[in-house]
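Here is a short briefing on one protein model. Look over the sequence and the structure first, then read on.

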Amino acid sequence: MLQSSLVIRRPDDWHVHLRDGEMLATVLAATARDFTRAIVMPNLQPPITTTAAALAYRSRILGLLPAASDFTPLMTCYLTPSVAPDDLAAGHAAGIFSAAKLYPAGATTHSEAGVKQLRQIYPVLERMQRIGLPLLIHGESVAPNVDIFDREAVFIEDELIPLHTDFPALRIVFEHITSREAVQFVRAASGAIAATITPHHLMINRNAMFEQGIRPHLYCLPVAKREAHRLALRGAAVSGDPRFFLGTDSAPHLRHLKEHDCGCAGVFNAGSALACYAQVFDEEDALARLEDFASHFGPAFYGLPPNAGTVTLERVASVAALPDWPSPLGPIKQFVPPGGLCWRVVKP
Ligand code: DOR
Ligand code: ZN
C-alpha cells in the first residue's frame, strides 16, 4: 500500500535567495512556512560584503516576518577581493555570518562583483579555514571556451581540487550540484566537504528545458544536465550519506523577466520544494530517509541542533501546476515538475 502521509522534523533550507525590498516581502512567507532556518544568499545589488550590511539585511528580513514566526535567517558574506578577513571573522564571532559565498565573477545572476582569481581571496580563505567558517561555492568555470554543460566538471578539475589541496581543513559546501562528477568529488573528498541538491535538479534533466518548445522557467544555473547526471544526484540524495543535504536554490524572478529575450536564470520553488523532495524520495522508495536529508544532515554540518517541531506531508492527486505566486511587482511562476506534483505540505 502506498504511504499516504509522512511526518518529519522541521527542515531547513541550506541555500535560498530571498532578495530584498518588495520581492523579499512577497517570497519570504513561502520559505518561512516550510523551513525553520535558511542560509540566505548574499547576491543582492550591491552584494552583502560586510558584517554591517548583513546585520541590516537580517533586520529587514526579520522585520517582515509575522510575530508568530520562528523563522531564522542565517546570513552569508559575498566574497570579493575587498572583503576584510577581520570583519568577516568578527561577523562570524558575533553570530551574524554563518558562511561566506564564492561566486566566480560572471558565473550567474549578480555575480559580477565575484572573484576572478581564487588567489585574490586566499587571505580570507586562510582565515575561514582557521575559524571554521564554511565556504559555499557556486562551482562553475567561467572560462569563455568551456561548454555550459561542462562548467561544473571543469570547475572541479581546475579550481576545486587545487583549492581543497591548498586548504584541506576548510569547510566547504559545493552548492546546488548538478553532475555525476560533483557527486564523485564529494564522495571521494577527505575533510568537511558537503553538497546541497535542489529539488529541480532531482526532477528534470536538460531535455525538460526544450520539451515541445523552450521552457524558460526550468532554466537556472548551473543548468540541468543529462539524465545520467540527474540519476547520480538522486542516488546521492537518497543514499543516507550525510554529506548530501537539502538546499532549494529557490531564486525568484518575475514571470515576464523569465519569458524574455534574455530570460533570467533561476527557479522559484520555495513553496513547492518540500513536496518535491518528498516525491523524489517516494519515487526512490526512500521516504524513510527524507528526514535525514531535509532536517538532520544540514544542521550537523553547520554545527547546529536539529529543529524542534514537525511538518506533515501528504500524498494528493497529482497537480500539473500551482498558482503563480502573487507579488505587487508581477506574478512569479512556481516550480512544479513536468510530470506533476503529488505531495503537499499540510498546513499547520
Ligand atoms: O539560477 C540561478 N539563479 N543560479 C544562481 O546561482 C543565482 C540565482 C539567482 O540569484 O537568480
Ligand atoms: Zn543560488
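Which residues does L163 touch, not counting residues up to four places away in sequence? They are L118, Y122, L125, L135, I137 and I172. This is a predicted model. The points below cover its nonpolar cores, its zinc site and its aromatic rings.

**Nonpolar cores**
- The largest nonpolar core has 91 residues.
- L163 is among the residues with the most contacts inside this core, along with L79, L88, L125, M128 and L135.
- Helix α10, residues 273-283, gives the most to this core, with eight residues.
- A second core of 14 residues is separate, and includes L74, A99, L136 and F245.
- In soluble globular proteins, nonpolar side chains tend to be buried together.

**Zinc site**
- Three residues coordinate the zinc ion (ligand 2): H15 through NE2, H17 through NE2 and D249 through OD.
- The coordinating distances run from 2.0 to 2.1 Å.
- In sequence, these donor residues follow the spacing H-x1-H-x231-D.
- H15 lies in strand β2 (residues 13-16), and D249 lies in the loop between β9 (244-246) and α9 (255-258), so the pair ties together parts that are 234 residues apart in sequence.
- Is H15 buried or exposed? H15 counts as buried because its relative accessibility is 1%, under the 20% cut-off.
- D249 also counts as buried, at 5% relative accessibility.

**Aromatic pairs**
- The model holds 10 aromatic pairs.
- W14 and F245 have ring centres 6.4 Å apart and planes at 75 degrees; the pair is edge-to-face because that angle is over 60 degrees.
- This pair links distant parts of the chain: W14 is in strand β2 and F245 in strand β9, 231 residues apart.
- Both W14 and F245 are buried.
- Y78 and Y103 form a tilted pair, at 5.2 Å centre to centre and 40 degrees between the planes.
- Y78 lies in strand β4 (residues 72-78) and Y103 in the loop between β5 (97-102) and α4 (122-131), so this pair ties together parts 25 residues apart in sequence.
- Y78 and Y103 are both buried.
- Ring pairs also join W14, F245, F301 and Y302 into a cluster.

**Charges over rings**
- What lies over the face of F301? R171 does, at 4.4 Å from the ring centre.
- The ring of F149 has the charged end of R206 over it, 4.5 Å from the ring's centre.

Note on methods: Residues numbered from 1 in each chain as written. Chains lettered and ligands numbered in written order. Predicted model: local features only at pLDDT ≥ 70, side-chain atom pairs only at ≥ 80, totals over all residues. Heavy atoms only, no water. Donors = N, O, S within 2.8 Å, 3.2 Å for Na, K, Ca; no water. Helix = DSSP H or I, 4+ residues; strand = E, 2+ residues; numbered from the N terminus. Buried < 20%, exposed > 50% of the residue type's maximum accessible area, 1.4 Å probe, protein only. Core = buried A, V, L, I, M, F, W, Y, C linked by side-chain atoms within 4.5 Å. Contact = heavy atoms within 4.5 Å. Phe/Tyr/Trp six-rings, centres within 6.5 Å; stacked < 30°, edge-to-face > 60°. Lys NZ or Arg CZ within 6 Å of the ring centre and 35° of its normal.
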